[in-house]
Amino acid sequence: MTPENDLPIYEPDEQATYTLDMVAEITGVSSQTILHYQEEGLLPSSHLNDETVRTLRRIDHLQGELGCNESGLRLILNLMDEVERLREELRARR
């Protein structure tokens, strides 16, 4: 777990994809841990992009500040995805 002040600054780019090493550097999460999260289904296994970076930072916060285990992370991340899907659905109705 790396304090946010020690993380490199990066500007999100919705079209960008990153290498494993780049995501590890941006987030402060080791490449091995990122691969583990992909194997466990906490991260998409294909494209490493800004959504991956956001999810890794959420995971880091949830584990570091709240002590969540992988089952808790999976539940919380699924709920957050559902909330975002519902928000998008509401926006589309307007």
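Leaving out residues up to four places away in sequence, Q38 touches L43, P44, S45 and L48, where contact means heavy atoms within 4.5 Å. The structure is a predicted model, in which local features need pLDDT of at least 70 and side-chain atom pairs count only at pLDDT 80 or more, while totals for chains, interfaces and linings use all residues. Residues are numbered from 1 along each chain as its sequence is written, and side-chain values use heavy atoms, with hydrogens and water left out.

- Q38 is found in helix α2, residues 31–39; helices here are DSSP runs (H or I, at least four residues), numbered from the N terminus.
- With a relative accessibility of 15%, Q38 counts as buried. The cut-offs are under 20% relative accessible area for buried and over 50% for exposed, with partly exposed in between (1.4 Å probe, protein chains only).
- Q15 sits in the segment before α1 (20–27), and its relative accessible area of 69% makes Q15 exposed.
- Although Q15 and D50 are 35 residues apart in sequence, their C-alpha atoms are 8.5 Å apart in space.

- Helix α4 covers residues 70–93, and its end C-alpha atoms are 35 Å apart. That agrees with the 34 Å that its 24 residues should span at 1.5 Å a residue, since the expected span is 1.5 Å times one less than the number of residues.
- N69 caps the N-terminal end of α4, with a side-chain oxygen 3.2 Å from the backbone nitrogen of S71.
- G72, L73 and L77 are buried in α4, and the buried residues of this helix pack against α3 (50–66).

**T55 in helix α3**

- T55 lies in helix α3 and is buried, with a relative accessible area of 10%.
- Setting aside its neighbours within four places in sequence, T55 is in contact with L42, L43 and L77.
- T55 and L77 are 22 residues apart along the chain, and 8.1 Å separates their C-alpha atoms.

**Salt bridges**

- The structure holds 8 salt bridges, each defined as a side-chain nitrogen of Lys or Arg within 4 Å of a carboxyl oxygen of Asp or Glu.
- E40 forms one of them with R74, and the closest N and O atoms are 3.8 Å apart. E40 lies in the loop between α2 and α3 while R74 is in helix α4, so this pair ties together parts that are 34 residues apart in sequence.
- E40 is partly exposed at a relative accessible area of 34%, and R74 is also partly exposed, at 29%.
- The side chains of R58 and E51 meet in another salt bridge, at 3.8 Å from N to O. R58 counts as partly exposed at 31% relative accessibility, as does E51 at 36%.
- R85 and E82 have side chains that meet in a salt bridge of 2.6 Å, N to O.
- R85 counts as partly exposed at 40% relative accessibility, and E82 is partly exposed with a relative accessible area of 35%.
- Both R85 and E82 lie in helix α4, 3 residues apart, which is about one turn of the helix. Salt bridges that share partners join E82, R85, E89 and R93 into one network.

Technical notes. Helix = DSSP H or I, 4+ residues; strand = E, 2+ residues; numbered from the N terminus. Polar contact = N/O pair within 3.5 Å; in protein donor to acceptor, adjacent residues only side chain to side chain.
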